[in-house]
Each structure stands twice: as structure tokens, then as C-alpha cells.
Amino acid sequence: MNFGAFVEIAPGKEGLVHTSKLDDHRVEHVEDVVAVGDPIFVMVTDIDQQGRINLSRKDAIAAIAKKRAEAAQQ
């Protein structure tokens, strides 16, 4: 979709990664970052009242980088 990517996070469960949450810079086209079938890291940021799951690739990557930095300091 031009506004984001739908990601299957569990069998039969999908969430949306909005273009603003795909990367730490402005994403013009979703296809510039991900392609259909690509495995990507995401984190759940919100589940709205209608049960829609909002995801963030940007936040997941930042969390992974933070944990790696903390582990490297130990």
C-alpha cells in the first residue's frame, strides 16, 4: 500500500507499519525499504479500539540497537 506495509506477525494476524514508522528517514515508497515476502523486525506500538494492530520497524530497530549496545558494555 502507498501508506505503509501490512505485516503478518502471527498466523492469521496482521498489523500495519505506516510509512513514517518504516525507517528513521522519510520514506517516499514502501518498496524502497521492504518488498512483499521480506522478513522484517517490528514491534507493536498500539492496538486501537477496533483491534487494528499498529507496528513500527523504526522502533524495533532502535530497540535492538540499544540492547546490543548495552550488551557490548557489559
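The model is predicted, so local features need pLDDT of at least 70 and side-chain atom pairs count only at pLDDT 80 or more, while totals for chains, interfaces and linings use all residues. Residues are numbered from 1 along each chain as its sequence is written, and side-chain values use heavy atoms, with hydrogens and water left out.

Stay on Phe-3, which sits in the segment before S1. Strands (E, at least two residues) and helices (H or I, at least four) are DSSP runs, numbered from the N terminus. The C-alpha atoms of Phe-3 and His-18 are separated by 5.9 Å, although the two are 15 residues apart along the chain.

Rings of Phe, Tyr and Trp (its six-membered ring) pair if their centres lie within 6.5 Å; planes under 30 degrees apart count as stacked, over 60 as edge-to-face and the rest as tilted. The count by this rule is one aromatic pair. Phe-3 and Phe-6 form that pair, edge-to-face, at 6.3 Å centre to centre with 85° between the planes. Buried means under 20% relative accessible area, exposed over 50%, and partly exposed in between (1.4 Å probe, protein chains only). Phe-3 is partly exposed because its relative accessible area is 34%; Phe-6, at 47%, is also partly exposed.

Next, show the strands. Two strands pair if DSSP finds at least two bridges between them. S1 and S2 run antiparallel and are joined by six bridges. Select Glu-8 to find Glu-14 of S2 opposite, then Ala-10, whose bridge partner in S2 is Lys-13. The hairpin of these strands has two residues between them, and Gly-12 takes a positive phi near 80° there. On to S4: S2 and S4 run parallel, with two bridges. Here Leu-16 stands opposite Asn-54.

Now select Ala-5, Val-7, Val-17, Leu-22, Val-27, Val-30, Val-34, Ile-53 and Leu-55, the nine residues of the largest nonpolar core. Such a core is a set of buried Ala, Val, Leu, Ile, Met, Phe, Trp, Tyr and Cys residues joined through side-chain atoms within 4.5 Å. The elements giving two or more residues to this core are strand S1 (4-10) and strand S4 (53-56). Centre on Val-27: not counting residues up to four places away in sequence, Val-27 touches Thr-19, Leu-22 and Val-33.

Move to Ser-56, which caps the N-terminal end of H1, with a side-chain oxygen 3.5 Å from the backbone nitrogen of Lys-58. Beyond its neighbours within four places in sequence, Arg-57 is in contact with residues including Val-17, Leu-22, Val-33 and Phe-41.

Then select the ends of H1 (residues 57-73). The expected span of a helix is 1.5 Å times one less than its number of residues, so the 17 residues here should span 24 Å; the end C-alpha atoms are 25 Å apart, which agrees.

Finish at Asp-32, in the loop between strand S2 (13-18) and strand S3 (43-47). With a relative accessible area of 56%, Asp-32 is exposed. A C-alpha to C-alpha distance drawn from Asp-32 to Ile-64 gives 22 Å, for 32 residues of separation in sequence.

Methods:
A polar contact is a pair of N or O atoms within 3.5 Å; within protein, one must be able to donate a hydrogen and the other to accept it, and residues adjacent in sequence count only if both atoms are side-chain atoms. Contact means heavy atoms within 4.5 Å.
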